[in-house]
Amino acid sequence: MPEKATIRRARRDKREGKAPTTQAGEFVREEIHHVREGKHGARSTKQAIAIGLSKARRAGVKLSPPPSTAKAKTKQSAKYASRAGAHRRRRPSGRRSAATSRALKRERRSTVSNKALARQARSASRRRSRASRSAAARRASHTKGATVRRAAARKAARTRQRRRVGARRRRAAA
């Protein structure tokens with residue numbers, strides 16, 4: 001069961017017109033905190049993210065289904081979670097809940113370290129095209145306020161400047 005604060009943050013994101021994936025991000029973040037606090041572990045970073053996404057679907061976040069390349073079991077699980085989010089809540093089975101908790105408690109906690117999360121983010125972004133990443137950034141900029149957008153533009157300008165200087169130095173050294 002997600003914490004009330006998480007649901008509140010996700011609802012706020014929805015009100016602000018942010019994408020369902022952003023809303024779901026709150027649940028993933030909660031899951032990462034749970035593993036870090038030692039509430040339970042996760043076999044892999046992907047599993048921790050998957051648990052968060054499942055919680056989001058169950059809480060009623062309208063996430064798109066997994067990609068066509070995903071396993072049939074994953075697709076089915078996502079479908080069940082989405083359906084659970086659309087219907088009235090039923091008390092979860094105590095036995096099943098306890099079994100899941102016991103299994104996750106045996107898993108390691110290092111799967112959500114900064115290093116592990118960075119590795120996961122890099123490998124996920126590598127699978128996307130440059131155009132896709134750029135388009136996502138452009139879409140994201142629309143939900144920022146003017147102040148945040150200005151700060152982001154300044155940061156981007158500094159990055160471009162730094163890269164230009166670095167490239168010039170490399171050319172001079174060669």
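**Figure 1. Ala 84 in helix α4.** Ala 84 is found in helix α4, which spans residues 72-86; helices here are DSSP runs of H or I with at least four residues, numbered from the N terminus. With a relative accessibility of 24%, Ala 84 counts as partly exposed, a class that falls between buried (under 20% relative accessible area) and exposed (over 50%), using a 1.4 Å probe and protein chains only. A separation of 32 Å lies between the C-alpha atoms of Ala 84 and Ala 137, which are 53 residues apart along the chain. The model is predicted, so that local features need pLDDT of at least 70 and side-chain atom pairs count only at pLDDT 80 or more, while totals for chains, interfaces and linings use all residues. Residues are numbered from 1 along each chain as its sequence is written, and side-chain values use heavy atoms, with hydrogens and water left out.

**Figure 2. The salt bridge between Arg 9 and Glu 26.** The side chains of Arg 9 and Glu 26 form a salt bridge with an N to O distance of 2.8 Å; the term denotes a side-chain nitrogen of Lys or Arg within 4 Å of a carboxyl oxygen of Asp or Glu. Because Arg 9 belongs to helix α1 (residues 4-15) and Glu 26 to helix α2 (residues 20-37), the pair ties together parts that are 17 residues apart in sequence. Arg 9 is partly exposed, at 25% relative accessible area, whereas Glu 26 is buried, at 12%.

**Figure 3. Arg 29 and Glu 26 within helix α2.** A salt bridge of 3.8 Å, N to O, also links the side chains of Arg 29 and Glu 26. These two residues are three apart in helix α2 and are therefore separated by about one helical turn. Arg 29 is partly exposed, with a relative accessible area of 40%.

**Figure 4. Glu 107 and Arg 43, a salt bridge between two loops.** The closest N and O atoms of Glu 107 and Arg 43 are 2.6 Å apart. Glu 107 is buried, with a relative accessible area of 16%, but Arg 43 is exposed, at 55%. Elsewhere, salt bridges that share partners join Arg 9, Glu 26 and Arg 29 into one network. The count of salt bridges comes to six.

**Figure 5. Lys 55 and its polar contact with Glu 30.** Lys 55 is placed in helix α3, residues 45-58, and is buried, at 16% relative accessible area. Its side chain makes a polar contact of 3.4 Å with that of Glu 30; such a contact is a pair of N or O atoms within 3.5 Å, where, within protein, one must be able to donate a hydrogen and the other to accept it, and residues adjacent in sequence count only if both atoms are side-chain atoms.

**Figure 6. A patch of positive charge on the surface.** The patch gathers Arg 128, Arg 130, Arg 133, Arg 139, Arg 150, Arg 154, Lys 155, Arg 158, Arg 162 and Arg 163. Patch residues have over 30% relative accessible area and no salt bridge, with like charges joined within 9 Å and nonpolar side chains (Val, Leu, Ile, Met, Phe, Trp, Tyr) within 5 Å. Helices α7 (130-141) and α8 (146-173) each supply at least two residues of the patch, and the largest share, six residues, comes from α8. Arg 154 is located in helix α8 and is exposed, with a relative accessible area of 55%.

Terms used: Areas by Shrake-Rupley, 256 points an atom, 1.4 Å probe, with all protein chains shown as cover. Lys, Arg positive; Asp, Glu negative; His and termini not counted. Charge placed at Lys NZ, Arg CZ, Asp CG, Glu CD.
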